[in-house]
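I will jot down each thing I look up, one entry at a time.

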Amino acid sequence: MLGFTIPCSAQLGVIAGMIAPLGVKYILIYAFTILIVFALTGTVLNKTLPGESSELFIDLPPMRLPKLSNVLKRRGQRL
């Protein structure tokens with residue numbers, strides 16, 4: 001669904017370069033247009049594709065602060 005609304009970074013740079021000189025009004029119109037297309041695409045896909053949405057599971061390792069001794073050892077190995 002993001003493919004319909006969000007351009008790639010190269011396209012985004014060209015679009016920003018073309019819209020920037022026109023002013024804030026046109027930037028807001030562009031952003032509003034993207035939002036509308038995103039909402040309409042989501043609504044149409046929600047109506048046409050049956051089923052339930054699944055839970056999003058992401059396995060992330062626990063975030064811990066590094067031990068100072070490990071940091072110093074690694075730093076010493078790099079020098």
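**Confidence.** Which helix of the protein has the lowest confidence, and which has the highest? I note that this is a predicted model, so I checked confidence before anything else. Helix α1, residues 2-5, is lowest, with a mean of 68. Helix α3 is highest, at 89. Across the protein the average pLDDT is 83, and 94% of the residues score at least 70. I keep one caution in mind: where pLDDT is low, the predicted coordinates should not be read in detail.

**Fold.** I looked up the elements next. I found four helices and zero strands. Read from the N terminus, the order is α-α-α-α.

**Overall shape.** I asked how far the protein is from a compact globule. For 79 residues, such a globule would have a radius of gyration near 12 Å. The protein has 23 Å. Its C-alpha atoms fill a box of roughly 55 × 45 × 20 Å along the principal axes.

**Surface.** How much of the protein counts as buried? I got 5% of the 79 residues.

**A nonpolar patch.** I then searched the surface for nonpolar side chains that group together. F32, L35, I36 and L40 form such a patch. Together they have about 410 Å² of accessible area. I picked out L35, which lies in helix α3, residues 24-48. Is L35 buried or exposed? L35 counts as exposed because its relative accessible area is 53%, and the cut-off for exposed is over 50%.

Technical notes
Residues are numbered from 1 along each chain as its sequence is written. This is a predicted model: local features need pLDDT of at least 70, side-chain atom pairs count only at pLDDT 80 or more; totals for chains, interfaces and linings use all residues. Side-chain values use heavy atoms; hydrogens and water are left out. Patches are made of residues with over 30% relative accessible area and no salt bridge: like charges are joined within 9 Å, nonpolar side chains (Val, Leu, Ile, Met, Phe, Trp, Tyr) within 5 Å. Accessible areas come from the Shrake-Rupley method with a 1.4 Å probe; for residues, only the protein chains shown count as cover. A salt bridge is a side-chain nitrogen of Lys or Arg within 4 Å of a carboxyl oxygen of Asp or Glu. Helices (H or I, at least four residues) and strands (E, at least two) are DSSP runs, numbered from the N terminus. Buried means under 20% relative accessible area, exposed over 50%, partly exposed in between (1.4 Å probe, protein chains only). pLDDT is the predictor's confidence in each residue, from 0 to 100. The radius of gyration is taken over C-alpha atoms; the globule rule is 2.2 Å times the number of residues to the power 0.38.
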